[in-house]
Amino acid sequence: MNPEPPVTSDASKAVTPEALRKQYESGATVDELVAASGLSYGTVLNRLHEAGTEMRTSWQTRRMRQDPQARQRLAAHLRTLYEKHGATLTELAAAGAGTRRVARRLLIEAGGAVRTPQQTLRMRAAVRAAERQKLAVSLRARYEAGATVPELAEDCNYSVATVYRLLHQARTPMRPRHRHGPADQARKRS
């Protein structure tokens with residue numbers, strides 16, 4: 001004789017993994033989801049994992065409940081870091097999201113769009129180029145005010161060659177080089 005299949009209610013089938021995930025991400029605990037859904041603890045956990053839910057620690061739940069707007073503020077902050085400062089998902093995870101996956105989800109929740117790695121590289125290169133141009137203009141102003149290239153190099157912690165390149169990039173009119181060495185003295189006598 002074949003055993004009867006377990007009885008499952010239509011209500012338990014109606015509780016989808018995505019619905020559980022949405023409630024969990026809104027701040028509900030696993031215990032609260034068990035009580036509300038009538039499902040077992042293990043079934044709720046399995047469905048949350050099936051939906052790709054990033055699980056919280058108890059202190060994260062407490063923090064979320066103390067300040068219900070914390071997730072929205074974190075998402076907005078991460079979006080700013082991502083869009084205005086060129087942060088990567090890994091950097092967002094370190095800035096408070098926890099993992100790259102959560103960082104991506106929070107970024108999307110805040111209305112952001114995820115970049116490709118190539119877009120991130122181009123964005124960072126543009127930022128570096130702008131910073132380098134700003135430095136070149138600053139060095140030009142100091143050079144024209146009388147500072148020497150070696151002094152500028154020491155102040156900026158760059159090589160003399162790099163400072164010359166930056167001054168050239170800023171189209172700085174260069175002063176003539178002074179020749180005071182022994183080889184120059186010999187040339188003058190001849």
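Modeller: Happy to! Glu 83 is partly exposed, with a relative accessibility of 34%. Here, partly exposed is the range between buried, under 20% relative accessible area, and exposed, over 50%, taken with a 1.4 Å probe on protein chains only. Please keep in mind that this is a predicted model, where local features need pLDDT of at least 70 and side-chain atom pairs count only at pLDDT 80 or more, while totals for chains, interfaces and linings use all residues. Residues are numbered from 1 along each chain as its sequence is written, and side-chain values use heavy atoms, leaving out hydrogens and water.

The partner of Glu 83 is Arg 79, and their closest N and O atoms lie 3.0 Å apart in a salt bridge; that term asks for a side-chain nitrogen of Lys or Arg within 4 Å of a carboxyl oxygen of Asp or Glu. Both residues belong to helix H6 (residues 70-84), and because they are 4 residues apart, about one helical turn separates them. Helices are DSSP runs of H or I with at least four residues, and strands are runs of E with at least two, numbered from the N terminus. Arg 79 is partly exposed too, at 27% relative accessibility.

Arg 21 and Glu 25 form a salt bridge, with 3.2 Å between the closest N and O atoms. They sit in helix H2 (residues 17-25), and their spacing of 4 residues means that about one helical turn lies between them. Arg 21 is partly exposed, with 22% relative accessibility, whereas Glu 25 is buried at 16% relative accessible area. Glu 25 also meets the side chain of Arg 105 in a salt bridge, at 3.1 Å from N to O. That link bridges distant parts of the chain, as Arg 105 lies in helix H8 (residues 100-109) and Glu 25 in helix H2, 80 residues apart. Arg 105 and Glu 25 are both buried.

The protein has 12 helices and 0 strands, and 27% of its 190 residues are buried. Of the contacts (heavy atoms within 4.5 Å) between residues at least 6 apart in sequence, 59% join residues at least 24 apart.
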